[in-house]
Amino acid sequence: MSQLLTTRQAEELHKSIIAYLSSVKLSNSAAALREELSIGDSFDDATSKKYEGLLEKKWTSVVRLQKKIMDLESRNSNLQSELDSATPTSLSRRNQDPASWLPRSPARHTLQSHRSPVNCVAFHPIFSSLASGSEDTTLKIWDWELGELERTLKGHTKPVLSCDFGGPRGGTLLASCSSDLTIKLWDPSDEYKNIRTLPGHDHSVSAVRFIPSGAAGSPASGNLLVSASRDKTLRIWDVSTGYCVKTLRGHVDWVRDVAPSFDGRWLLSAGNDQTARLWDAGSGEAKATFLGHEHVIECCIFAPAASYPHLATLAGLKKPPPPSSSGEYLATGSRDKSIKIWDSRGTLVKTLIGHDNWVRALVFHPGGKYLLSVSDDKTIRCWDLAQEGKCVKTIDDAHGHFVSCLRWAPGVMKGPVVNGSNGDVGGKGKDDPGGQETIRCVVATGSVDLNVRVFAN
């Protein structure tokens with residue numbers, strides 16, 4: 001066999017082996033090797049100490065490097081296959097048109113600091129801040145552009161289940177809720193100080209969303225917040241006073257999720273009773289019940305106006321609803337592994353099948369053409385609404401464990417900025433007096449693997 005090591009390297013290796021054998025009390029083997037290699041008394045205790053542990057260190061670092069190489073090779077092959085399947089026109093189009101951008105592997109940033117599974121993520125409406133909440137009872141604020149941790153918020157005493165940015169005009173707040181039965185409000189403009197705690201629910205608070213102030217007739221002033229709880233109720237809160245202004249009852253089991261329409265007129269909720277319900281946010285009346293899932297509904301979301309043309313075609317209509325009308329279509333994701341798209345009257349428009357495990361979160365592409373979903377099967381899936389809801393892209397192993405949450409960064413307003421709500425992306429369009437919104441190609445996910453990932457253009 002050819003000698004791969006130089007004389008010096010071989011000598012170092014021999015000494016490391018002898019030191020290793022001595023440290024694991026194999027003194028006869030160590031003595032035999034010393035004799036065979038003619039290493040005499042120069043190899044004393046001090047020398048042995050110097051080389052002790054060197055072999056293990058080298059061994060483990062080789063394994064680590066090997067894993068890193070395998071990860072890089074897998075990334076490389078993913079990128080290569082994406083390049084192979086792309087035509088020059090699709091490549092140039094992807095660079096130009098945010099309306100057709102979809103997240104792709106690898107993530108731009110993997111944000112690591114949580115000590116337990118991540119349950120929720122939310123984007124600040126203006127700044128490059130991203131909040132994440134975890135089973136470790138903390139919220140963390142990250143700079144998603146730089147991929148850096150900015151601060152950790154402590155205050156909840158049990159897992160943080162949901163969070164959202166929004167609030168009064170010109171005064172963005174962060175809301176969080178927890179299985180400690182409370183909702184907390186944090187002020188980003190004052191070092192994220194906990195300015196208010198809202199008690200009132202009788203069980204875990206599973207979801208919290210700011211209700212945007214939008215169209216005329218909207219009950220919201222930008223001061224309202226809605227929460228969903230395991231106590232079977234939804235509550236609407238005035239964040240400026242901390243009072244609960246309305247309690248909505250109708251679900252017969254744990255309410256898992258709630259979403260407001262982009263103008264704040266409607267609320268959508270879903271949960272363990274396998275139903276989703278549409279509510280009038282102003283009166284608190286239930287307007288429709290959506291029946292069809294065969295297991296717990298984990299998530300629900302309203303479709304933005306930009307999706308109406310595609311969804312109207314799916315529903316067999318000749319003409320889509322006007323962009324100014326809200327709450328026309330919605331989507332639900334369930335533990336039955338399916339996603340269902342509905343119209344506001346409760347009619348099922350389409351069932352999307354493809355995930356191999358619970359569907360945990362949904363978001364509509366602000367451009368209106370796609371619906372994105374994440375699941376306990378560790379994937380992100382992109383469904384093309386213009387192709388009858390066909391799954392056109394799957395990011396396998398988006399995380400190393402169940403993917404629990406998903407958010408799309410809110411668009412940048414050109415013109416006057418209206419209330420910074422992170423409720424429903426893509427809701428404000430050409431008809432919105434607040435100005436023109438440009439799409440930001442940034443998506444964040446959180447997982448049971450303790451990581452937050454940012455996929456960006």
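Trainee: How many salt bridges does a search of the whole structure find?
Mentor: Bear in mind that this is a predicted model: local features need pLDDT of at least 70, side-chain atom pairs count only at pLDDT 80 or more, and totals for chains, interfaces and linings use all residues. Residues are numbered from 1 along each chain as its sequence is written, and side-chain values use heavy atoms, without hydrogens or water. A salt bridge needs a side-chain nitrogen of Lys or Arg within 4 Å of a carboxyl oxygen of Asp or Glu. With that rule, the search of the whole structure gives 10.

Trainee: Take Arg407 and Asp164: how many residues apart are they?
Mentor: The two form a salt bridge, with their closest N and O atoms 3.2 Å apart. Arg407 sits in strand β26 (residues 403-408) and Asp164 in strand β6 (residues 160-166); strands (E, at least two residues) and helices (H or I, at least four) are DSSP runs numbered from the N terminus. So the pair links distant parts of the chain, and the separation is 243 residues.

Trainee: And is Asp164 buried or exposed?
Mentor: Buried means under 20% relative accessible area, exposed over 50%, and partly exposed in between (1.4 Å probe, protein chains only). Asp164 has 0% relative accessibility, so Asp164 counts as buried.

Trainee: Which residue does Arg151 form a salt bridge with?
Mentor: Arg151 lies in strand β5 (residues 148-153), and its partner is in the loop between β8 (183-187) and β9 (193-198), so the pair ties together parts that are 40 residues apart in sequence. The closest N and O atoms are 3.6 Å apart, and the partner is Glu191.

Trainee: In the salt bridge of Arg345 and Asp343, which residue is buried?
Mentor: These side chains meet at 3.0 Å, N to O. Arg345 has a relative accessible area of 62%, so Arg345 is exposed. At 8% relative accessibility, the buried one is Asp343.

Trainee: How many disulfides does the structure hold?
Mentor: The test is a pair of cysteine sulfur atoms within 2.5 Å. The structure has none that pass, so the count is zero.

Trainee: Which cysteine has the sulfur nearest to that of Cys405?
Mentor: Cys405 has a relative accessible area of 6%, so Cys405 is buried. Cys405 is in no disulfide, and the nearest cysteine sulfur, 6.3 Å away, belongs to Cys120.

Trainee: Where is Ser326, and which residues is Ser326 in contact with, leaving aside neighbours within four places in sequence?
Mentor: Ser326 is in the loop between α6 (308-314) and β19 (329-334). Its relative accessible area of 9% is why Ser326 is buried. Leaving aside those sequence neighbours, the contacts (heavy atoms within 4.5 Å) are Ser261, Phe262, Asp263, Arg265, Trp266 and Tyr308.

Trainee: What is the phi of Lys232?
Mentor: Lys232 lies in the loop between β11 (224-229) and β12 (233-238). Its relative accessibility is 41%, so Lys232 counts as partly exposed. Lys232 is not a glycine, yet its phi is positive, at about 80°.

Trainee: Which residue is joined to Pro106 by a cis peptide bond?
Mentor: Pro106 lies in the loop between α5 (88-96) and β1 (109-112). Omega of the cis bond is about -5°, and the residue joined to Pro106 is Ser105.
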